Amino acid sequence: MKVVGKNTVRVDGIALAKGKAVFADDLQLPDLLHLKLLYSPIAHGRITHIDTTKAAALPGVAVVLTHRDFPPHFYTTAGQGYPEPSPRDMLILNPVMRYVGDKVAVVAAETPEIAQQAADLIEVQFEELPAIFDPRDAIDNPVVIHGEISDDPFLYDPRRNIAARVTADLGDVDEAFHNSVHVFEREYSTPYVQHAHIEPHITLTWLDDHERLVIRTATQVPFHVRRIVSEVLDFPLHRIRVIKPRIGGGFGGKQEILNEELCAAVTLKTGRPVRMEMTRREEFFAARSRHPEIVKLKIGLDADLHITAIDLKILENCGAYGPHALTVMSVTAQKTLSLYKAPNIRLHADAVYTNLPVAGAYRGYGAPQGFFALESMLDEIAADLGVDPIELREKNLFSPGDEIPIARILGEGREGYEMKLNTTGMTRCLQRGAELIGWGERRGSEKTAVCRRGVGVAAACQGSGIPGIDMAAVFLKMNEDASFNLQTGATDLGTGADTVLAQIAAETLGVPVERIIVYAADTDLTPFDTGAYASSTTFVSGGAVKKAAEKLRAKILSQGKLLLNTRRAEIKDEFVVAENGEKISFGEICSRSLYTDNQRQLMATASHMSYDSPPPFNATFAEVTVDTETGLVRVEKIVSVTDAGQVINPPMAEGQVEGAIPQSLGMALSEHMMFDKKGRPLVTTFHDYHIYTALDMPEVVVEFIHTHEPTGPYGAKAVAEIPIDGPAPAVVNAIYDACGVRIRNLPVTPEKILRGLGKLK
Ligand code: SMO
C-alpha cells in the first residue's frame, strides 16, 4: 500500500499550525447576542415564583426566557441514532430543578457580562424538596425525581427512579457456580469524571439570507443536532443547516445537544445571531461527565482455571437526567463480556436517577468502568490462586472463529447481531507488553523499601462502531487535475478522521493524499453520517469512503477504455493503460469527460452500515512506585500495546493512545468531581480538578500489533476508545503488586493506600 499505513500529512495540519480561523468561535458575526444561563442553586425543588422584570429592563438585554416561554416538550439531549434509546426526560427550561446546575432561565444580551449581570437579577423562589445523592439509595426512594413522566417507552420506571434496565441470561449461571471449583465475588466503583476537552462547548446561530437557521457548533453529531433542534423547537428540518468546523476535542462530551437548542430558540425569537460559550466552571456542572458505576462481579472457574460463569451487576448513576443511560451500561456489559469465554452469563444493570450532574457519553462509553472491575478482579483471582495474571487471561480469551455470544443478546437499545471473531491480537499484545515492561523480572519482586515498585497488567477490548445502527455516506467527485472532492458527514474532532478518510480514498483511487480535498460535516453539503462516537469513523465512514472510491475508480476505468477505444485496460499509476500499451492519464480522462467526450461528471456516492463491529484489543502494563509512608502513588511507566487491525496512520493512531492514557490515569489517581452534602459541586476549576498534564506523565511506550480485519477498510479496526480502558486497572494492579493494597473504589488516594497498609484508621 502507498498511503494506508503511512505517515501522511494531516489534511488540516497546516491550517491548525498557522492558527487559521477554523474553530466554531473564529467567526465575526454582526449584531451578535451572547447567552448566559441562570442555574439552579438547589439540588431538588420546584420554582414557585420567578420574576424577570429587572433582568429584562437592564440596558443591553434583548430577551429573557424561562420555562413559561417553551411548550412542555420532552426530549433527550443524547446525540444517538433515531429513535434514541434514551429517556425523554428533559425540557429546554424547567419548572422543576433536579440538580445544582439545572437550567432556570436564559438571558441574551449585547455582551456576555451584561447577560450574566441580568441573569443575576432574575428573582426566583423555590420550594425545596428532599434529594438523592447516593445511587444506592435511588431505587424505591420516597423521593421521586421524574414522577411526572408516565408514557415514555424509553424510560424504564420513573416511579422507582430507574431510568433504564438491561438484563441478559445465557446458560445456567447458578448451576455453573454450583459446579465451579473456585468462585469469587467482588464489588468495584468508579467516580464522576470529566472529559476536560480544551475547547469548551460553543455554539453560534444565525439566520441566513433565506431566513434559514444556521448552527455552527462544536459537536460530534451534526445530523443529530439538526434532527433534535427541529423536533424540540418544532421548526422545519429543511430550514436548519448545521455546520461542524474544526473541533478542539470532544471525547463524548459533544455527543450531546447541549446549547444548540437554546441558541437556536433565541435566534428564532430575535432574528439575531447568537453565541454561547460555556465557561470552564460551567463545563464542570452543566455539561456531561462519565457515569459513575458500581460493578459487582461474581466469577466461577473450573479446576483448569477456565471461567465457567460470570454474574455481572451494574448500578449506574446517571445523575438528574438520563441521556445515554441505557446504552452506556449496555456497553459496560457488552464489552466486558466480550473479552473472556464464559459459557454462562447473567447480567442485571440498572441506571438510576440522582440529584447530581448529568452523565453522558465519555470515551469508552461504559467500557472503562467495566474493565476496571473485570481486570482488577482477574488480578485478584490470579493472586488468590497463585497463577500468573497473564496466563490466567490467555487461558480464557476468545479465539478467531469463536462466536461472542453476548453480542447477539445485547445490542444498544435493542438486540444485537451475531458476532464471530475474525481477528485477535490480544495474546500478542499481552506478550509484547510483558516484554516491554520487563514483566518476568519485575512482577512480584522483593518489597522492603519505603518506596515500593510494582507492575500490573490489564487487557481490554472495545468495538468498531455500533453494528446495525451506525451509518455513513460519502460523495466523491473528480476534477480535471486528478484531484477529488470528498464530502463526508463524518465528524473529525481533532482525532485526524478527515486525514484517515482521505488516505482511504487516496489509496483506493491511486493518487497522493494531497489530491483528496475533504469537506466534512455540513448538513446542507455533505451526506448523512451518524457522527463521531462509538469508535465508528475509521470503520464505518472509512467503509463508505472505500466503497465510493471503488465505484469511482471503476467509472474512471470505463471512461478511459471508451476514450482509448479499447475493451481491455487497467489502471496503473494514474493512467488507464490499454492492452496494446496506449494510455491516457486520469487528468485527461476527467478533462475530456467534462468538456468534450461522453460528457459527464465522474462522481460516486456510497453508504455503509455494518453488522460487524470487530473488537480492537489492548494490553496495558503499568509500573508504579508507592510511598508507604505518605501513601503517594507515582506512575513510572505505561506500556500500551494495541491491536487496531491495519493502522491507517501510525503517528495519529499513536496520538490516540497517548491521549487516552492520561485520561485513564486521571480516573485512577487524580480526577474526581466531588459534591457537598447539598449536591453543590466542590470542584469547578482545573486547579482543583487534576487532569494529568505533560509534567505528570510517566514514560509511555506505545506499540501496535498488526492484524488484518476482513470486515474493515484495508483491514482496519477502530483505535479511538480502546486505549482508555486499560491504564486504570493496570495501575491498581501494579499498586497491589507494589504494596499488597487492593483499591476497589477509584480514585486511588493516599488515604486509601495508608488505610490499606493499616497506617490510618
Ligand atoms: S463516548 Mo463516544 O462519543 O461513543
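Helices are DSSP runs of H or I with at least four residues, numbered from the N terminus. The legends below describe close-up views of a predicted model.

**Figure 1. Met667 in helix 17.** Met667 is found in helix 17, which covers residues 650–670. A residue counts as buried when its relative accessible area is under 20%. Met667 has a relative accessible area of 3% and is therefore buried. Tyr192 lies 475 residues away from Met667 along the chain, yet the C-alpha atoms of the two are separated by 8.7 Å.

Figure 2. The four strands are arranged in the order 16-24-25-26, and their pairing is mixed. Strand 16 (451–461) and strand 26 (699–704) stand at the edges. Each of these two has a single partner strand, so one side of each is left without a neighbour in the sheet. From one strand to the next, the twist averages 10°. Strand 24 (residues 617–627) and strand 25 (residues 633–643) run antiparallel and are joined by 10 bridges. Within this pair, Val626 has Val633 of strand 25 as its bridge partner.

Figure 3. Strand 17 spans residues 471–478, and six of its eight residues are buried, so the strand is largely enclosed by the rest of the structure. Seven bridges link strand 17 to strand 23 (residues 603–609), and the two run antiparallel. Ala473 has Ser607 of strand 23 as its bridge partner. Strand 17 also pairs with strand 18 (residues 484–488), in the antiparallel sense and over five bridges. Here Val474 stands opposite Thr488 of strand 18. Strands 17 and 18 form a hairpin with five residues between them. In the turn, Ala482 has a positive phi of about 60°.

**Figure 4. Helix 6 and the glycine that follows.** Helix 6 consists of residues 260–270 and is mostly covered, with eight of its 11 residues buried. The buried residues are Glu260, Glu261, Leu262, Cys263, Ala264, Ala265, Val266 and Thr267. Gly271 follows helix 6 and has a positive phi, near 75°.

**Figure 5. Helix 14, an enclosed helix.** Helix 14 (residues 497–509) is largely enclosed by the rest of the structure, because 13 of its 13 residues are buried. From its first C-alpha to its last, helix 14 reaches 18 Å, close to the 18 Å expected at 1.5 Å a residue. The residue after helix 14 is Gly510, whose phi is positive, near 75°.

**Figure 6. The largest cavity.** Rolling a probe the size of a water molecule over the atoms shows where empty space is left. A search of the whole structure finds three cavities of 30 Å³ or more. The largest cavity holds about 320 Å³ of space. It is lined by 28 residues, of which Gln334, Lys335, Glu412, Gly465 and Pro467 are the closest to its centre. Helix 8 (residues 325–336) gives the most to this lining, with three residues. By class, the lining has 13 nonpolar, nine polar and six charged residues.

**Figure 7. The second largest cavity.** About 160 Å³ of space lies in the second largest cavity. Among its 22 lining residues, Met90, Tyr99, Lys103, Ala286 and Arg288 are the closest to the centre. The lining has 14 nonpolar, four polar and four charged residues.

Conventions
Residues are numbered from 1 along each chain as its sequence is written. This is a predicted model: local features need pLDDT of at least 70, side-chain atom pairs count only at pLDDT 80 or more; totals for chains, interfaces and linings use all residues. Side-chain values use heavy atoms; hydrogens and water are left out. Two strands pair if DSSP finds at least two bridges between them. Axes are lines fitted to C-alpha atoms, for helices over the stretch in contact, and angles run from 0 to 180 degrees between N-to-C directions. Buried means under 20% relative accessible area, exposed over 50%, partly exposed in between (1.4 Å probe, protein chains only). On a 1 Å grid over the protein atoms alone, a cavity is a set of points where a 1.4 Å probe fits but cannot get out, and a pocket is an open set with protein on both sides within 12 Å along at least five of seven lines; lining residues have an atom within 4 Å of a point. Grid points are joined across faces, edges and corners, and a volume is the space filled by probe spheres set on the points. Ala, Val, Leu, Ile, Met, Phe, Trp, Tyr, Cys and Pro count as nonpolar, Asp, Glu, Lys and Arg as charged, and the others, Gly among them, as polar. The expected span of a helix is 1.5 Å times one less than its number of residues.
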